[in-house]
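Biologist: Could you take me through this structure slowly, one topic at a time?

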Amino acid sequence: MSLAEKASLTWLLIFTVAALLSQILVLRGEQVVAIPEQAYLPPFTTFEHLLGTDGLGRDVLFYLFLSCRTAWLLAIPPLVLASLIGVGLGTIAAIAGNHGWRIPLVRFFALVLLLSVYGILYPVTHFWPVFAESALIRWIYYGSSFPLLYLLLTKEGFPANSGNRRYITLAVDDWLQKIINIWSALPKLLLLLLLTAFTPFSLGTLLGWICATYWVLPARIARANVLLLKKDSYYESALALGIPFYRVFTNYLLPSLKGPILTNFCFAASGLLGVGSTLAYLGIGIPADVPSWGKMLANARFSIEAWWLLAFPATFLLASIFSLQVLGNNITVQSRHKSVTK
């Protein structure tokens, strides 16, 4: 392992620990205190404000520390969920193809009706003041969808001996390809700007939109790799022997997906750090009371003499981005080396 890789891993470890510790402080109610009398103190002049203060007299070091939580939340959790969704959808599309999913016509119309009802109820439960303020209503809204979808998509949902049934064949692969092509045509930053413009500013909402935006590339990677592995003899042999699909997936498909997915995760996370800081710089998506490196960069515009308001958050941001890219490049090199040795 080279010196750059060691330094990158060390910085990412410090970044993660700082994010977790700042999350604990936020849960305890700790906030950055503004002292206007101590505005624009230069760094390294007092031990109390080691990295100086901003225009409101807030401690820059503590603000940077709390901003690690925001950056980590915007980059890691939604990308993990987006990768899981993308891998699941890509694998299903590659396995099912265009003729692999036959669903009874009655069940298909029931599924369409269920999705329509939940689509109609979404603005009611999220924007109507009577229901939007109740967390219980949202839990009921999201929680009830899972058992209903299970009943509609599994054999237990309808009687087995329902007579002569009509079926509809869903072209899963074609539909996923069309959705991916449409979703990929829009720039991610522009798409996030459009999505956050019509929803209330909150970290939870922004995390959801990031997850809905970044599932495309993992789905494409998973689909391409699974289609390639389906042609191998050991995959057909495993299915012929009656090995359950989950074991085929964990033993044969998942090891081949691990390298490309981790590489995409590192590069996408580095891009998300820049996107999250850009949104904060523009004052979009992130609430005003949530610390962010992008907000520090935006505040640096009002005082050119306060160079530390630009230097320190830019250093933290660039160090995190470069560390993730170095890690992603290392994973790519190792994956290629393993494929060559095999």
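Biologist: Leaving aside neighbours within four places in sequence, which residues is Leu273 in contact with?

Modeller: This is a predicted model, and in it Leu273 is in contact with Phe15, Ala71, Ala75, Leu317, Ser320, Ile321 and Leu324, once its neighbours within four places in sequence are set aside.

Biologist: And which residues have the most contacts inside the largest nonpolar core?

Modeller: Those are Val60, Tyr214 and Leu273, in a core that has 54 residues. The element that gives the most to this core is α2, with nine residues. Another core, of 13 residues, lies apart from it, and Val248, Phe249, Leu257 and Ile261 are among its members.

Biologist: Changing topic, where does Asp54 lie?

Modeller: Asp54 is found in the loop between α1, which covers 3-27, and α2, which covers 60-75.

Biologist: Is Asp54 buried or exposed, and why?

Modeller: Asp54 counts as buried because its relative accessibility is 7%, and buried means under 20%.

Biologist: What does the side chain of Asp54 reach, then?

Modeller: The side chain of Asp54 reaches the backbone nitrogen of Leu56 at 3.2 Å. Not counting residues up to four places away in sequence, Asp54 also touches Ala39, Tyr40, Val60 and Leu309.

Biologist: Now the surface: which residues form a nonpolar patch there?

Modeller: Val80, Leu81, Leu84, Ile85 and Leu89 form that patch, and together they have about 420 Å² of accessible area. One of them, Leu81, has its place in helix α3, residues 77-96, and is partly exposed, with a relative accessible area of 45%.

How values were computed. Residues numbered from 1 in each chain as written. Predicted model: local features only at pLDDT ≥ 70, side-chain atom pairs only at ≥ 80, totals over all residues. Heavy atoms only, no water. Helix = DSSP H or I, 4+ residues; strand = E, 2+ residues; numbered from the N terminus. Buried < 20%, exposed > 50% of the residue type's maximum accessible area, 1.4 Å probe, protein only. Polar contact = N/O pair within 3.5 Å; in protein donor to acceptor, adjacent residues only side chain to side chain. Contact = heavy atoms within 4.5 Å. Patch = residues over 30% accessible without salt bridge, like charges linked within 9 Å, V, L, I, M, F, W, Y side chains within 5 Å. Areas by Shrake-Rupley, 256 points an atom, 1.4 Å probe, with all protein chains shown as cover. Salt bridge = Lys/Arg side-chain N within 4 Å of Asp/Glu carboxyl O. Core = buried A, V, L, I, M, F, W, Y, C linked by side-chain atoms within 4.5 Å.
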